[in-house]
Amino acid sequence: MSLLLLDRVSKRFRRGGRSGREQVALRDVQLQVDAGELVAVWGRRRSGRTTLLQVAAGVERPSDGAVRFGGVDLARRPMLGRPGGIAYASTHFAPVIGETVLEQVGAPVLGSDASTASAQVVAFEALRRVHAVDCAEHGVETLDHDELLRVAIARALVTDPRLLVVDEPTQGLRLARGRDRALELLRSLAERDGVAILMTVAEAADLAGADRALTIDQGELHGLTEPAMGQVVELRQSRG
Amino acid sequence: MRSAVNAGVLSLVIEQPSYGGEIGRRFEERYDGLLSSRPQHVYKALDELRAQGLVEPFELDDDAGLGQQPVRGYRATAAGARAYRRWLRSPIQVGSRARYEVMIRLASTRPDDCQTAAFLLDAYEHAVLALARNLPVRSGNVIDRLIDEERRTLADAQLRWIARARAELRT
């Protein structure tokens, strides 16, 4: 069974104005993602790429079809932000959440029974995983693009997700070195930690090293929408 | 069909049965930059296609405006039409020659055959994505970086073209 399954998913938005015309963002999308797989989707602006991620993560509900995570329909049991569920790495940080990176990164676990101290321990460990410990005591507004992405991923990791969704991770990274480091980080999360990653990219260069590469255009997904049969998957020792 | 020239000539005969010279002229227009269009290649292809039973000669009438002498033309046989359809839809191997293979077949596709065109775009995209996925993540020296950059730029252009082509087919 796939970790994530988008089963004939369509998404329509109603446009504003008198016409009330519908805009189709996703058309009959079929997609499977397995545990530990890095799937990259290339698409232009307004291709439906961001909607694809939002629907896959459960941020948006599909107009038709179903999204299943571990076999369970996200409409019945949302998994976004839940331990072992889905995480959406966003580089938007609300100032009201906290002044430092450490506070921002630890915030998602504060909703449970975790104390501030234990949330900070979890946040520190997440920052270590993404090589951003140096940022811990700084304000988010002082970070450059490279650091902001790492901190966004760290915040996504605190719930120990099985699926990480990232929209254009290399956006704003002008230097090739920054882009390479960002992609290496995501690959290592998939390979080393077994976190499945679904990401969108705007440049073919960012497809390098992905387990599967697809394209999206006018809401239609193209390419190998399910893992290749007969793929050899190396067994990993469980953590902890 | 192994020879791309033979396949191209066959597709032109299917499109419009004609005599060798006229097929050669259309071949040059259609496959410019993709296939060598020297007349001897086209005539050799017609001979081979005829030997394989994929085209057959017939007598063109005078309406073609070619003078008093009857002119021998070529038309496709049923086996030729089948071979043409099989060739268009046969698998395309991922690799550096995939673009060349796709473009020849696309040039050989009838304008109303959007299904085959879509199949070829899928195959092309599959090849481009496979190459992009396998590009090195970190480049070595300056020459390696330049070569990788050229490949990435090309892959972006190819993916954008495929997206535009799909949009064109939808309309």
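Two strands are taken as paired if DSSP finds at least two bridges between them, and helices (H or I, at least four residues) and strands (E, at least two) are DSSP runs numbered from the N terminus. In chain A, strand S1 (residues 4–14) and strand S2 (residues 22–33) pair in the antiparallel sense over 8 bridges. The model is a predicted one, in which local features need pLDDT of at least 70 and side-chain atom pairs count only at pLDDT 80 or more, while totals for chains, interfaces and linings use all residues. Residues are numbered from 1 along each chain as its sequence is written, and chains are lettered from A and ligands numbered from 1 in the order in which they are written.

In S4(A), A:Ala66 stands opposite A:Asp7.

A further sheet of chain A is open and mixed in its pairing, with 6 strands in the order S6-S7-S8-S3-S9-S10. Strand S6 (86–89) and strand S10 (220–223) of chain A are the edge strands; each has a single partner strand, so one side of each is left without a neighbour in the sheet. Neighbouring strands of this sheet are turned against each other by 20° on average, direction ignored; axes are lines fitted to C-alpha atoms, for helices over the stretch in contact, and angles run from 0 to 180 degrees between N-to-C directions. S6(A) pairs with strand S7 (residues 163–167) of chain A in the parallel sense over 4 bridges, and A:Ala87 has A:Leu164 of S7(A) as its bridge partner.

The domain assignment, whose bounds come from an automatic or database source, divides chain A into domain 1 (1–85 + 161–228) and domain 2 (95–160). The centres of these two domains of chain A, taken over C-alpha atoms, are separated by 23 Å. Contact is defined by C-beta atoms, placed from the backbone, that lie within 7 Å. On this basis, 14 residues of domain 1 of chain A are in contact with 11 residues of domain 2 of chain A. Helix H5 (residues 176–193) of chain A supplies the largest share of the domain 1 side, 4 residues. That side comprises 7 nonpolar, 5 polar and 2 charged residues, where Ala, Val, Leu, Ile, Met, Phe, Trp, Tyr, Cys and Pro count as nonpolar, Asp, Glu, Lys and Arg as charged, and the others, Gly among them, as polar.

Chain B is assigned domain 1 (4–89) and domain 2 (98–170), with 29 Å between their centres, taken over C-alpha atoms. Here 10 residues of domain 1 of chain B are in contact with 9 residues of domain 2 of chain B. Two or more residues of the domain 1 side come from each of helix H1 (4–15) and helix H4 (78–89) of chain B, and H1(B) gives the largest share, 4 residues. By class, this side of domain 1 of chain B has 6 nonpolar, 2 polar and 2 charged residues.

Strand S3 (residues 71–76) of chain B pairs in the antiparallel sense with strand S1 (residues 18–19) of chain B over 2 bridges and with strand S2 (residues 55–60) of chain B over 6 bridges. In S3(B), B:Gly73 stands opposite B:Tyr19 and is also the bridge partner of B:Phe58.

The contact between the chains takes 17 residues from chain B and 18 residues from chain A. On the chain B side, helix H6 (114–133) and helix H7 (142–170) are the elements that give two or more residues, and H7(B) gives the largest share, 7 residues. This side has 9 nonpolar, 1 polar and 7 charged residues. H6(B) lies across strand S9 (212–217) and S10 of chain A, and runs at about 70° to S10(A).

A nonpolar core is a set of buried Ala, Val, Leu, Ile, Met, Phe, Trp, Tyr and Cys residues joined through C-beta atoms within 7 Å; a residue is buried if 20 or more other C-beta atoms lie within 10 Å of its own, with C-beta atoms placed from the backbone. The largest such core has 92 residues, and A:Val165 and A:Ile197 have the most contacts inside it. H6(B) gives the most to this core, with 9 residues. Leaving aside neighbours within four places in sequence, the contacts of A:Ile197 include A:Leu38, A:Val39, A:Leu164 and A:Leu186. Another core, of 20 residues, lies apart from it and has B:Leu12, B:Val13, B:Val55 and B:Ile104 among its members.

How values were computed
Contact = placed C-beta atoms within 7 Å. Buried ≥ 20, exposed ≤ 12 C-beta atoms within 10 Å, placed from the backbone.
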